[in-house]
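I opened this entry to keep track of what I looked up in one protein model.

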Amino acid sequence: MPRFLAVYTMKHEDFAAFRRLSKAEQDAIDAEGVPQWMAWEERNAAAILDRGGMVGKTMRVSKDGIAEASNALCGYLIVEAENAEAAARLFLDHPHITVFPGDGVDIMPFVT
């Protein structure tokens, strides 16, 4: 079955706005979102090959050497599905975009 890299994305300004909320407001969002995230993973466990995780600051290596790079905050997950649309449908109700301030989930097929 085809495998897909799902990349959770979040804009820096959206994350900053979330962090400007009071601790109680952040905790309330977490209290709603974390159980939903866990339930989402449980519902889709058969399709999840690697639960992945959040990633830190980006370093870019190019012919010019090594430098810090700027990109959206992100995390990843590896799933399998019949095709890219089926993989994308898995994430329509994901709490990353329905509860937390995530702006999307990018779905990319592994081609090798």
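My notes on the chain shown above follow.

**Ground rules.** I am working from a predicted model, in which local features need pLDDT of at least 70, side-chain atom pairs count only at pLDDT 80 or more, and totals for chains, interfaces and linings use all residues. Residues are numbered from 1 along each chain as its sequence is written, and side-chain values use heavy atoms, with hydrogens and water left out.

**Confidence.** I checked pLDDT, the predictor's confidence in each residue on a scale from 0 to 100. The protein chain averages 96, and 100% of the residues score at least 70.

**Fold.** I counted four helices and six strands in the protein chain. These are DSSP runs numbered from the N terminus, with helices being H or I of at least four residues and strands being E of at least two. Read from the N terminus, the order is β-α-α-β-β-β-β-α-α-β. Along the principal axes, the C-alpha atoms fill a box of roughly 45 × 45 × 20 Å. I then took contacts (heavy atoms within 4.5 Å). Among those with a separation of 6 or more, 74% join residues 24 or more positions apart.

**Surface.** Of the 112 residues, 29% count as buried. Buried means under 20% relative accessible area, exposed over 50%, and partly exposed in between (1.4 Å probe, protein chains only).

**Core.** I looked for nonpolar cores, meaning sets of buried Ala, Val, Leu, Ile, Met, Phe, Trp, Tyr and Cys residues joined through side-chain atoms within 4.5 Å. The largest has 17 residues, and Tyr 8, Trp 40, Leu 77, Val 79, Leu 90 and Phe 91 have the most contacts inside it. Two or more residues each come from β1 (3-10), α2 (23-43), β5 (73-80) and α3 (84-89). The largest share, three residues, is that of β1. Which residues does Trp 40 touch, not counting those up to four places away in sequence? I listed Tyr 8, Ile 48, Leu 77, Leu 90, Phe 91, Asp 93, His 94 and Pro 95.

**Ala 16.** I found Ala 16 in helix α1 (residues 12-20). Ala 16 counts as partly exposed because its relative accessibility is 29%. Ala 16 and Pro 101 are 85 residues apart in sequence, yet their C-alpha atoms are 9.8 Å apart in space.
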